[in-house]
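Please open the model in your viewer and keep the selection panel at hand. The stops below each begin with something to select.

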Amino acid sequence: MTLLSLIVALALEQFRPLGNRNRVWHLFIRYANHLERTLNAGSNRHGVAAWFAAILPPVLVTLGVYWALHKVSPALALAWNVLVLYLTMGFRHFSSAFSEISQALAEGRDLDARTTLAQWTGQPTAELSVNEISRLAIEQGVVDSYRHVFGTMFWFVLLPGPTGAVLYRLALMLGQKWGDRQQEEDRFGRFASRAVAWLDYLPVRLTAASFAVMGDFEDAVYCWRSQARTWGNYANGILLASAAGAIGVKLGDPLRQDYTVKFRPELGVGDEADPNYLKSAVGLVWRTVLLWLALVFLISLAQQLG
């Protein structure tokens, strides 16, 4: 059931992608805002209480519905799995932007590529060259592929029913909403940030290892070990360094933004990024998805035989 749920959800999302702003997540954000207004007193323990108050009810309801449907019919439980995965995964969230940027660069429409990239990443892109556009698009695509696909898949497979997918998606949303705080005295969002780091620890490394297996293994491992810690966000550094080594492209490096140069460490040991490497990055992600589906199949088969 796990493998079939993943395949159907991925296929459904390809044919009818769900936008970032859907009603389900909008309701959760409103609920999170209410909890923050009610419980935020600037301390870590209030942040812990708010996190569990936000996460536990949806996860328990998801599990309860799954068990109830499974008692009636496994087919209904399968449909519930697919629905939840459809809401929590999002392969097309990054692949569609990838395709638009790649096509625009191929046709010489650099302005359109910059506009799409700015809408996707939220970063200024007016001064970026073609190589810088390609580099930033690959970086964003690798991170998004993990957030919207591999991280969700990992926890979906690990926990009963679709609870893992819900847990990871909601924790990620709270980490982005509460954890990205600049005020040192405001400790409310610290637990939300730590929770994402805990949930990401294993799947980030499994994803990076999968990139290595499906690409240039030696370069991917070398870049992971020697370059990942130079990146500001270590988890993202692992993903980007391994992906850069796997496809043989240089990521990181300075970018021209806001009439200045934004200095960043170098990742990868290959060639300068160009539009051709956008397709290589998408190919790497697809091969890794197929690898994970194959592993899920083997695990399911082993469980059946056992």
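Begin by selecting Trp-51 and Phe-191, both of which are buried, where buried means under 20% relative accessible area, exposed means over 50% and partly exposed lies in between, with a 1.4 Å probe and protein chains only. This is a predicted model, in which local features need pLDDT of at least 70 and side-chain atom pairs count only at pLDDT 80 or more, while totals for chains, interfaces and linings use all residues. Residues are numbered from 1 along each chain as its sequence is written, and side-chain values use heavy atoms, with hydrogens and water left out.

Show the rings next, since the structure holds ten aromatic pairs; rings of Phe, Tyr and Trp (its six-membered ring) pair if their centres lie within 6.5 Å, and planes under 30 degrees apart count as stacked, over 60 as edge-to-face and the rest as tilted. Trp-51 counts as buried because its relative accessibility is 8%, whereas Phe-52, at 36%, counts as partly exposed. Trp-51 also pairs edge-to-face with Phe-191, at 5.3 Å centre to centre and 80 degrees between the planes. That pair links distant parts of the chain, 140 residues apart, with Trp-51 in helix 3 (residues 44–72) and Phe-191 in helix 9 (residues 190–214); helices (H or I, at least four residues) and strands (E, at least two) are DSSP runs, numbered from the N terminus.

Move on to Tyr-201 and Arg-205, where the arginine lies over the face of the tyrosine, 3.8 Å from the ring centre; a charge sits over a ring if NZ of Lys or CZ of Arg is within 6 Å of the ring centre and within 35 degrees of the ring normal. Then select Arg-229, which lies over the face of Tyr-234 at 4.2 Å from the ring centre.

For the strands, select residues 249–252, which form strand 1 and are joined by two bridges to the parallel strand 5 (residues 271–272); two strands pair if DSSP finds at least two bridges between them. Here Val-249 stands opposite Asp-271 of strand 5. Strand 1 is also joined by two bridges to strand 4 (residues 266–267), and these two run antiparallel, with Leu-267 of strand 4 as the bridge partner of Leu-251.
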